[in-house]
Amino acid sequence: MKKLLVILSCILSFGALAQSPASPPAVASQKVGNAQVLIKYAKPSVKGRLVFGTKEQKALVPYGEVWRTGANEATTIEFSTDVLVQGKPLGKGVYSLLSIPGPSEWTIIFNKESKMWGAYTYKAEQDALRVTAKPSEHAITEQFSIAVSETGQVTLDWDKTSVSFYVK
């Protein structure tokens, strides 16, 4: 009987390991001019929840608060050379890509601390650059995604919201 329980336990454990994670890892990579842009992030899903909104609405990502811009570890963005983001200079390197969503404007943050879980240890004094971007409404995107175009447009899409900033 004990052997049967051990075998059954192993089978169930392997089955659990084979399932895909709730927020799977993803990568967006694109050459923009002379710079290679590499973004590593995790893709949470809407799952019927209110994603962006106020604390009172119990939104998953409350307006006015620093968000890891994805799930799990903070999203990272790497530039192989110095770039301009929204026309402002940013040196080559790896940064955490954080954001502060708002109903009519987002703050996009490039933080020097590239290894943090979520945004729990975020320190504003480590910001290398902050820029603003305007959100727009679009058809629902169930799973968070980031795309980088050849022209340098970096687009964050999730739920009914799309936000873009530009890299040169």
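Me: Why does F144 count as buried in this predicted model?
Reply: Look at the relative accessibility of F144, which is 1%. The cut-off for buried is under 20%. The value 1% falls under that cut-off, so F144 counts as buried.

Me: What does a search for aromatic pairs find in the whole structure?
Reply: The search finds 11 aromatic pairs. One of them joins W67 and F144.

Me: What makes W67 and F144 an aromatic pair, and why is the pair called edge-to-face?
Reply: There are two values to check. A pair of aromatic rings is described by the distance of the centres and the angle of the planes. For W67 and F144, the centres are 5.4 Å apart. The limit is within 6.5 Å, so the two rings pair. Their planes are 70 degrees apart. Over 60 degrees counts as edge-to-face, so this pair is edge-to-face.

Me: Why can we say that the pair of W67 and F144 ties parts of the chain together?
Reply: Check where each residue sits. W67 lies in the loop between β4 (61-62) and β5 (76-79). F144 belongs to strand β11 (residues 135-148). These parts are 77 residues apart in sequence, so the pair ties them together.

Me: What kind of aromatic pair do F144 and W158 form?
Reply: F144 and W158 form an edge-to-face pair. The centres are 5.9 Å apart, and the planes make an angle of 70 degrees. The limits are within 6.5 Å for a pair and over 60 degrees for edge-to-face, so both conditions hold. This pair also links distant parts of the chain: F144 is in strand β11 and W158 in strand β12 (residues 153-166), 14 residues apart.

Me: Why does W158 count as buried?
Reply: W158 has a relative accessibility of 2%. That is under 20%, so W158 counts as buried.

Me: Which residues do ring pairs link into a cluster?
Reply: The cluster consists of Y41, F52, W67, W106, F144 and W158.

Me: Which residues line the largest cavity?
Reply: F52, W106, F144 and W158 line the largest cavity, together with L156, D157, T161, S162 and V163. The volume of this cavity is about 30 Å³. Strand β12 gives the most to the lining, with six residues.

Me: How do the residues lining the largest cavity divide by class?
Reply: Six are nonpolar, two polar and one charged. The charged class holds Asp, Glu, Lys and Arg, so D157 is the charged one.

Me: What volume does the largest pocket have, and what surrounds its centre?
Reply: Its volume is about 330 Å³. The pocket is lined by 19 residues, and K40, Y41, E73, A74 and T76 are the closest to its centre. β2 gives the most to this lining, with four residues. By class, the lining has 11 nonpolar, four polar and four charged residues.

Me: Which residues are the closest to the centre of the second largest pocket?
Reply: This pocket holds about 280 Å³ of space. Of its 15 lining residues, L60, V61, W67, R68 and G70 are the closest to the centre. Its lining has 10 nonpolar, two polar and three charged residues.

Me: Why is S45 called buried?
Reply: S45 is found in the loop between β2 (35-42) and β3 (52-53). Its relative accessible area is 12%. The limit is under 20%, so S45 is buried. It touches A22, E142, Q143 and W158, not counting residues up to four places away in sequence.

Me: Why is K115 called exposed?
Reply: K115 lies in the loop between β9 (106-111) and β10 (127-133). Its relative accessible area is 72%. Exposed means over 50%, so K115 qualifies.

Me: How far apart are K115 and Y95?
Reply: They are 20 residues apart in sequence. In space, the distance is 8.6 Å, C-alpha to C-alpha.

Me: How confident is the predictor in this chain?
Reply: The average pLDDT is 90, and 88% of the residues score at least 70. Over residues 3-17, pLDDT stays under 50. The model has zero contacts beyond four places in sequence for that stretch.

Conventions
Residues are numbered from 1 along each chain as its sequence is written. This is a predicted model: local features need pLDDT of at least 70, side-chain atom pairs count only at pLDDT 80 or more; totals for chains, interfaces and linings use all residues. Side-chain values use heavy atoms; hydrogens and water are left out. Helices (H or I, at least four residues) and strands (E, at least two) are DSSP runs, numbered from the N terminus. Buried means under 20% relative accessible area, exposed over 50%, partly exposed in between (1.4 Å probe, protein chains only). Contact means heavy atoms within 4.5 Å. pLDDT is the predictor's confidence in each residue, from 0 to 100. Rings of Phe, Tyr and Trp (its six-membered ring) pair if their centres lie within 6.5 Å; planes under 30 degrees apart count as stacked, over 60 as edge-to-face and the rest as tilted. On a 1 Å grid over the protein atoms alone, a cavity is a set of points where a 1.4 Å probe fits but cannot get out, and a pocket is an open set with protein on both sides within 12 Å along at least five of seven lines; lining residues have an atom within 4 Å of a point. Grid points are joined across faces, edges and corners, and a volume is the space filled by probe spheres set on the points.
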